[in-house]
Every structure is written in structure tokens, then in C-alpha cells.
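Thanks, everyone. Let's get the model up on the screen and walk through a few places in it.

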Amino acid sequence: MSHHYTIQIKVLLPSLKKYLNLWKSLPEFTVIEERPKWDNKIQYLLTCIGFAVGLGNVWRFPYLCQIHGGGAFLIPYLIALVFEGLPLLYLELAIGQRLRKGSIGVWTAISPLLGGVGIGSMIVSFLVGVFYNTILAWVLWYFFHSFQDPLPWSQCPLNANRTSLNEECQKSTSVNYFWYRETLNITSDIEISDSLQWWMVVCLASAWCIVYICFIRGIESVGKAVYVTATFPYLVLTIFLIRALTLPGATDGLAFLFTPEILKDPQVWLDAATQIFFSLSVAFGGLIAFSSYNDEKNNCERDAVLVGVINSATSLYASIPIFAILGFKATSGYNLCLEQNIQLLTNHFDIADQNMTIENYQQWYDHLNQTQPAEVAGLGLQECDFQTFLKQSASGTGLAFIVFTQAVVEMPGSQVWAVLFFIMLFSLGLSSMFGNLQGILTPLSDLNMIPKWIPNEAVTGLICLVSFAVSLIFTMGSGNYWVEVFNGYVGSVPLLIIAFFEITGVIYGRGMKTFSDDIYHMTGRRPNIYWKACWMVINNLQARFCFSGVSGTVSKCFSLHFLCLQESFPKTEKKFYPDWVFAIIVLLCVVPVISIPLVAVYQLICRRRKSSSRAALNPYKRRHPWQLKERRTFKPALYNETPS
């Protein structure tokens, strides 16, 4: 019987790779390439922070604060951070650093049955990256137009005959018209696709080119880019904070943010838990990939706490200038409403100019309403309530491209503020795209699906090219509807299911004792009772939360609707999704997680076949006596030795 010896060689010099490729083809030699590492700890932390801190911190968190009574939302949010967000973040950073693999490699190493969890994370990262970069294309479009004086969304354009202002714009606002017509050129229904909007195609191609350039050398180039993309938004937020606090009405907006209300609605707690979950970017696979390039003796517990706290602090820090500007916008809208009422009352009752002002409007109104109530009622005065203006909520693209752009127009030096704002949004989105792309490339590398002779630059370029081709659907007239579909269903239920299997895999697959030993090996101390309790409790809570999310999605299957523009712009109406769109929604929810049961079933079948084939080839499998519980059952003649 011949013996083969395995020689492991670490490739330390890239120049030796071409000589080692010949050895790698021989069965006697196994070549282990040195895994890339971060240049320093700052690069790693900035990359994780940039991935976690994204557009949702700027436009989703303030929106949730706004609709849930300002400061009331902060209480369940901080509780969810401590008992849900930080433990999940710590788990991903620790398991990635210990096993030093991407999402697929990590879960396959824990158990081959869990290989589908990594595949699911990779698919979610791809689908999210496809529509997420479309938002960056919209940001680029507004950024390019921010250098014009006046800003193009500050006034209505002329009609085709150039004789008067555009009629649609006059019926709405210049901000709405620029967003829906000049930017999206949106159709009236999701079934009406229209053609590709060439300006959006150019912006989308530019966005993917920027992502590719920053990611061309993997973590080596990303580590350099995050010095700008992860820190610049804080500089812009600070500038906006200083400027926003000087605007009229800013104190009213901040008072609304920090004044808590009674937490009666359970939806507040659900939204807080969901926001923490998605804000930290867990279950995407990007954090596992980033931590796999760490030194094995890195303190991942401190990293998890630092990234989680900075992420939540950023949300709160971004909310201060946002609410100050929303207070300024509410004040402007409230004053405009009063001025229109004053004009009607002044003209009807022949009141001298400057006698009725915003300050004494309420006194005049009460006096006229008591003396001549019928005439006052017949004027059709608007109901001007400051709290109503302050509570007018907007989220996502509505906050960035409608509410905020309108507020910027009313600020002195609007071009400067517009440029800074959209650079900040692009930096936030670009940092998040690094994590999404890393969540695709690292698992592919771990699977050895790509031949070694293909350079990493070509693989990255191919992924970006495929993503760009898929994202062209978002540049059509119906593109905004599809962005809402992807945003609503790709990053919701699939991530909850993936996170559930991640916790289950670590706690029960790898085992709490082994996982504690892993952390002790890396940090020098075992996880305390807080971490263990959170992981064990979250496992059960996550299961309930996951299944409740699934049941909630199923219950809405027959009532899925979307807001679309009517022909009488800019009015909207609710329509039900057509059957074929509903089928796509189901696929978006199922495709990322269907790999979990499929891979598990495949691995079980392979195990069954291997055990059956071994038994068939050698039913009297040759074993040494020390491998048996009872050595005396062996026949001496078979091994030419005497049993003890």
C-alpha cells in the first residue's frame, strides 16, 4: 500500500504563484494562499461602520421618529439595540473572524446542512445591491443639477410652446414635477414600462463604474476609499447641524424629536426592532466577509459594541439636523398658509395693509368669526395647524428628493447645501455598496467556482456588469415602482429567516461551549452571561418574529397594492398588483431562502449515498481493533495479530 504525504505551502510572495500553479495540479501538493488582511484596524472599523451606516440612518430613522411621536421611538429603539442588535452583530463578527471564510464557507464549516444559509445571504446581497445602486444613480442625477443657478427644482419650466409655465407643474409643485417628470418620467402604472430613460442609464452606469473603481483591488482599495466615504458624511452632517440650528423653527423641530409620548401602539416596538435589525446590516454576509480578513487574535467583542453604538449614535445625530430642517419647513408652510388666509380676509373685509399680520392673525380671525361667521365660513380659509405641518411624514426617496430638496430651496445659498447633501447621500450609499459587493465576491471565492487564472479585477467587473444589466429595469418609466417592490420584499422576510438559521447554526450546530471556546481563543475571555442570555433568548424570539413576519406577508397576499400616479398629475391612487407582478414578489421572497432547505436535503442525500456505496463496496469494512468497543470480536487471522 502506497503512502501519500501532503505538503502545505503558504504563498507569501505573489511572484511565486506562477511556479506554484504547477504544483497545485499535483495530488501530492496542497497550496494554501495567504488570506488578505486589512492594513490596520482603522480600515476594518471604518469599513464595518460604513457598511452599517447607510441611507436608512438618514431617511428611515427620522421618519420612524416622526410617525411614532418623536422621542417615544427612542426608548424601544435603544432597548432593541441592547438585546437584539449588538448580540447579532457580535455573533457575525466573531464567527467570521474565527473561521476566516465568507458566508458560505462559514456555515458550511459549521455544518454542511447550513450551506444554503450562506447562499441565501449572497443572493440577498446581490438583489439589494442591484436596486440600492439605482438610488445612487438618482443621487448622482440631482448632484449634477445642483450646480445650476437657480436650482432646476426651484421653479416650474416653460411649456412646449415656451409661452407659459408647464401646466402639470403649476397644479403641483416644482419639486414634485422635477422628481416625477424630469428625473423618473414615471408612468401611471407598473404594467406600463415605457422605454429606458437615457439620462438614468448614464447615471446608473456612472454609479456602477464608481463602485467598480473603488472595489477593483478588493479590501486593499476599499480600505483606502472608506477613509473618505465613511468619514465625509459626518463632516457634512456637522455642517448641516450648525446651519440648521440657525433656521427659524429649528427649536420646534428638535422639541418634537426629544419629547416622548406614551407608548401605546405595539407597532412602535416592532418598527424599532426591525430598524435595528436592518440598520446594522446583519444577515447580508458582508460583515462576516469583512471580519474574515482580521487577525485571529482581534477583540471582536469590542468591535461589535463600537460599530453598533456608532451606528445608532449616527442615526440620532443625523436626526437632529433633519428635524431642525423639518421644523424650518413646517414653519415656512405654516406661515405661507397664514399669509394666504390673511390675503383672503384682507381683500374681503377691506382691512388696511399691514394691520393683519401673522402674529395677530388669530385675534383677527376670532373677532371676525364672532361678528360675521357666515362670511368667514364662505371664504374657504385653510386650516393652519403647526403640529399638522410638523407631523407630515415622508420616508425614503420622499424625504430625500422631495421634502429635503424643497427645504434646501428655501435656504440661502441653496446650491452649496444641495451639493453637500447629495455628496453625503452618495458617500453613505457607496460605503453600503462595498458590503453588498463583498457579500457576493467572498462566498464565490470560498466556493472555488472561479478559476484561479481569472484575475480578481475581472471577476469584480463581471459582477458589476451583470448587476448593471439587471438594474436597467429600474431606469424605465415604471422603475420607481420596481424599486419599491425590491425594497419592500427582498430585504424583509428573507433576512429574518436567514438570521434565524444563523443563530440556530451557531448555538446548536457549533454549540455554545465550542463558540465560547472560539471567543476565548480570539479575545482571551469567554462571553459573559449577558451575551449568552441574549443569544439563547433571541433564538426563540427570532423564530416567533420570523414566522410572524411570514404570516403577515401571507395575510397581505390578496391585498397587495401600490401607489401610482393618475393622469391628472400629481394625484395618486391605490391599485392592486397584477398577478404576474405578485408572482415576482413571491419569487423575491422565496428565491433567497429556498437554498436553505435545498442544500440541506442535497447534503442528506449525499450522505445516504456515500454510506450506502461504502457498505456495498466493502460490507466487512476493515478496521483496527482499537477502533472497536469490543476488541475480542475481531478475528486474529484477518489482521495477522493476536487480540489482547
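Start with Leu 326. Setting aside neighbours within four places in sequence, Leu 326 is in contact with Gln 66, Leu 390, Leu 399 and Val 403. Keep in mind that this is a predicted model. Leu 326 sits in helix 16, which runs over residues 300–349.

Is Leu 326 buried or exposed? Its relative accessible area is 11%. The cut-off for buried is under 20%, so Leu 326 counts as buried.

Now look at Phe 404. Leu 326 and Phe 404 are 78 residues apart in sequence. In space, their C-alpha atoms are 8.1 Å apart.

Next, the surface. Which residues make the nonpolar patch? They are Ile 75, Ile 79, Val 82, Phe 83 and Trp 269. The patch covers about 440 Å². Helix 5, residues 74–99, gives the largest share, with 4 residues.

A quick reminder on helices. An α-helix has 3.6 residues a turn, so residues three or four places apart point the same way.

Phe 83 belongs to helix 5. Its relative accessible area is 48%. Exposed would need over 50%, so Phe 83 is classed as partly exposed.

Last stop, helix 7. Helix 7 covers residues 115–145, 31 residues in total. How far does helix 7 reach from its first C-alpha to its last? The span is 46 Å, close to the 45 Å expected at 1.5 Å a residue. Helix 7 is also mostly covered, with 27 of its 31 residues buried.

That's my tour. Over to you.

Definitions and conventions. Residues numbered from 1 in each chain as written. Predicted model: local features only at pLDDT ≥ 70, side-chain atom pairs only at ≥ 80, totals over all residues. Heavy atoms only, no water. Patch = residues over 30% accessible without salt bridge, like charges linked within 9 Å, V, L, I, M, F, W, Y side chains within 5 Å. Areas by Shrake-Rupley, 256 points an atom, 1.4 Å probe, with all protein chains shown as cover. Salt bridge = Lys/Arg side-chain N within 4 Å of Asp/Glu carboxyl O. Helix = DSSP H or I, 4+ residues; strand = E, 2+ residues; numbered from the N terminus. Buried < 20%, exposed > 50% of the residue type's maximum accessible area, 1.4 Å probe, protein only. Contact = heavy atoms within 4.5 Å. Expected span 1.5 Å × (residues − 1).
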